[in-house]
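Here is a short tour of the structure shown below. It starts with charged side chains and moves on to sheets and a pocket.

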Amino acid sequence: YVGMCWLPYWTEMIWTSLAMPFKADSCYKIEIDLAFYDEINYYGNIQTTFPMKIQLYSSSLFCMEDDMLWESDYIDHFIWLTYEFMLEPEQDIDNNIIKTYYDQTMPEEIGYMLMDNIVVTTPPDLDLGNDTTICNNDSIQLYPGPGFEEYIWQDGSEDSVYYASEPGTYYVEGITDYGCSRYDTIVIEQTPDIDLGTDTTICTGDTIQISAGSGYASYMWFNGTTDSTMQVWDVGQYLVWVIVTDSLGCMGVDSLHLSIIDDSTTVDLGPDTLVCASEGYTLYPGYYEEYLWQDGSTDSTFLVTEPGEYWVEVLGDCGYGQDT
């Protein structure tokens with residue numbers, strides 16, 4: 001241990017260069033054992049002493065006081081007691097000063113104290129690992145590491161591990177039993193994440209190219225092709241699906257319904273017919289996007305009340321059609 005005195009004109013202090021500097025925005029727990037002794041041999045004379053404080057400063061130059069980092073209470077106990085405090089510096093600290101201090105009227109000539117066992121504790125490392133990719137429908141266990149009293153994840157959960165099953169950014173705060181925190185973040189992506197698009201209808205003569213995306217190790221389409229894209233031309237109804245595999249061995253599946261219809265739009269008002277003069281007759285060509293009757297009306301039906309020739313032009317999925 002060391003004993004240090006204090007007089008208004010004579011202050012003892014310890015200056016030291018730190019082998020491991022305190023880093024800005026880090027957190028440290030510092031413990032110091034302190035005690036008081038009420039006598040001192042002052043050049044051969046036993047003198048009564050009084051309790052005082054100590055102060056901790058950062059120091060840029062030898063014995064130069066910069067920012068005060070901590071100040072103790074008055075040390076007036078004869079047994080050793082451990083004082084503990086947290087240090088979270090705003091800038092790097094390479095050197096420290098521990099000095100004696102008294103800010104009241106002196107009860108005796110000399111202030112005195114004893115100091116021993118300075119211990120600096122830093123939180124353990126907290127590491128979620130590198131950003132990573134997982135397969136769709138899989139999950140990954142995130143474990144920050146041991147040594148923390150409490151864990152707080154991005155969703156407020158407090159388990160020591162977290163199971164991530166969705167793509168996104170995950171973070172955790174680890175808090176030690178002495179109040180220091182460490183943080184880390186990880187970004188998780190899922191693959192393959194493919195999208196063939198929505199169900200669609202095209203006419204013969206039109207072209208549609210369906211893509212599963214580039215960069216996968218293999219492709220398998222419903223029709224046996226293995227390119228990243230596929231095309232279909234023949235009239236019909238198709239359930240188009242693809243299975244892709246990436247370089248990690250992850251597989252993804254997507255599908256859509258594709259209708260390819262004849263490029264002519266047909267419409268049928270039925271055969272020429274006779275009706276009684278006192279009866280009406282409704283013409284309905286079916287469902288289409290647009291209608292135009294011989295009199296310029298545009299309803300989906302037409303009520304016939306007079307003999308004559310009637311026609312309709314309709315707009316369907318693949319153009320216009322007409323019947324009379």
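## Glu 71 and its salt-bridge partner

In this predicted model, Glu 71 is partly exposed, with a relative accessible area of 30%. Glu 71 forms a salt bridge with Lys 53, and the closest N and O atoms of the two are 3.3 Å apart. Glu 71 belongs to strand 8 (residues 68-71) and Lys 53 to strand 7 (residues 53-58), so this contact ties together parts of the chain that are 18 residues apart in sequence.

Is Lys 53 buried or exposed? With a relative accessible area of 10%, Lys 53 is buried, because buried here means under 20%. Lys 53 also forms a salt bridge with Asp 103, with 3.6 Å between the closest N and O atoms. That pair links distant parts of the chain: Lys 53 is in strand 7, while Asp 103 is in the loop between strand 10 (93-101) and strand 11 (110-121), 50 residues apart. Asp 103 counts as partly exposed, at 40% relative accessibility.

How many salt bridges does a search of the whole structure find? The search finds four. One of them joins the side chains of Asp 125 and Arg 182, at 3.5 Å from N to O. Asp 125 sits in the loop between strand 11 and strand 12 (132-135), and Arg 182 sits in strand 17 (residues 181-191), so the pair ties together parts that are 57 residues apart in sequence. At 64% relative accessibility, Asp 125 counts as exposed, whereas Arg 182 is partly exposed, with a relative accessible area of 27%. As for Lys 53, Glu 71 and Asp 103, salt bridges that share partners join these residues into one network.

Strand 7 is mostly covered, with six of its six residues buried. In a regular strand, side chains alternate between the two faces of the sheet. Here, Lys 53, Gln 55 and Tyr 57 point one way from strand 7, Ile 54, Leu 56 and Ser 58 point the other way, and all are buried.

Which strands does strand 7 join by bridges? Strand 7 runs antiparallel to strand 10, and six bridges join the two. Within that pairing, Ser 58 has Asn 96 of strand 10 as its bridge partner. Strand 7 is also antiparallel to strand 8, with three bridges joining them, and Leu 56 has Trp 70 of strand 8 as its bridge partner.

## Two open sheets

Strands of a sheet pair through backbone hydrogen bonds, either parallel or antiparallel. Strand 12 and strand 17, where Arg 182 is found, pair in the parallel sense over four bridges. Thr 133 has Glu 189 of strand 17 as its bridge partner.

Another open sheet has three strands in the order 25-27-28, with antiparallel pairing. Strand 25 (290-293) and strand 28 are at the edges, each with a single partner strand, so one side of each has no neighbour in the sheet. Neighbouring strands of this sheet are turned by 20° against each other on average, direction ignored. Five bridges join strand 27 (residues 312-316) to the antiparallel strand 28, and Val 314 has Gly 321 of strand 28 as its bridge partner.

Thr 324 is placed in the segment after strand 28 (319-323). Thr 324 is partly exposed, with a relative accessible area of 41%. Thr 324 and Gly 270 are 54 residues apart in sequence, while their C-alpha atoms are 8.6 Å apart in space.

## The largest pocket

What is the volume of the largest pocket? It is about 450 Å³. The largest pocket is lined by 20 residues, and the closest to its centre are Thr 273, Tyr 281, Val 304, Gly 308 and Tyr 310. By type, the lining of the largest pocket divides into eleven nonpolar, five polar and four charged residues.

Terms used:
Residues are numbered from 1 along each chain as its sequence is written. This is a predicted model: local features need pLDDT of at least 70, side-chain atom pairs count only at pLDDT 80 or more; totals for chains, interfaces and linings use all residues. Side-chain values use heavy atoms; hydrogens and water are left out. Buried means under 20% relative accessible area, exposed over 50%, partly exposed in between (1.4 Å probe, protein chains only). Two strands pair if DSSP finds at least two bridges between them. On a 1 Å grid over the protein atoms alone, a cavity is a set of points where a 1.4 Å probe fits but cannot get out, and a pocket is an open set with protein on both sides within 12 Å along at least five of seven lines; lining residues have an atom within 4 Å of a point. Grid points are joined across faces, edges and corners, and a volume is the space filled by probe spheres set on the points. Ala, Val, Leu, Ile, Met, Phe, Trp, Tyr, Cys and Pro count as nonpolar, Asp, Glu, Lys and Arg as charged, and the others, Gly among them, as polar. Axes are lines fitted to C-alpha atoms, for helices over the stretch in contact, and angles run from 0 to 180 degrees between N-to-C directions.
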